[in-house]
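Q: Please show me how the features of a structural model are to be read, beginning with the secondary structure.

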Amino acid sequence: MISRPRSLLFWLILIIALFLIVKAPVGTAHALLAVYHAVIRFFTALGVFFTVLVNG
């Protein structure tokens with residue numbers, strides 16, 4: 001039910017996202033880029049961790 005794209009949750013998230021983009025486009029862009037870079041750093045560090053763990 002939640003995964004259907006026309007559910008109430010979908011429209012609520014879409015409206016909130018559009019509101020944030022309209023009210024503060026630069027702040028929203030910076031926040032999204034910060035999250036993107038944090039995720040990239042996390043998975044890079046996780047890859048290094050597993051490489052060291054496997055290789056000893």
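A: Helices (H or I, at least four residues) and strands (E, at least two) are DSSP runs, numbered from the N terminus. Leu20, for example, has its place in helix 1 (residues 8-23), whereas Ser7 belongs to the segment before helix 1. The protein chain has two helices and zero strands. This is a predicted model in which local features need pLDDT of at least 70 and side-chain atom pairs count only at pLDDT 80 or more, while totals for chains, interfaces and linings use all residues. Residues are numbered from 1 along each chain as its sequence is written, and side-chain values use heavy atoms, with hydrogens and water left out.

Q: What span does helix 2 reach from its first C-alpha to its last?

A: The expected span of a helix is 1.5 Å times one less than its number of residues. Helix 2 (residues 25-55), with 31 residues, reaches 45 Å, close to the expected 45 Å. Just after helix 2, Gly56 takes a positive phi of about 85°.

Q: Is Ser7 buried or exposed?

A: Buried means under 20% relative accessible area, exposed over 50%, and partly exposed in between (1.4 Å probe, protein chains only). Ser7 is buried, at 11% relative accessibility. Of the 56 residues of the protein chain, 4% count as buried. Leu20, by contrast, is partly exposed at 45%.

Q: How many aromatic pairs does the structure hold?

A: Rings of Phe, Tyr and Trp (its six-membered ring) pair if their centres lie within 6.5 Å; planes under 30 degrees apart count as stacked, over 60 as edge-to-face and the rest as tilted. The structure holds three such pairs. Among them, Phe42 and Phe43 are edge-to-face, at 5.2 Å centre to centre with 70° between the planes. Phe49 and Phe50 have ring centres 5.6 Å apart and planes at 55°, so this pair is tilted.

Q: How exposed are Phe43, Phe49 and Phe50?

A: Phe43 is exposed, with a relative accessible area of 52%. Phe49 is partly exposed at 48%, and Phe50 is partly exposed at 44%.
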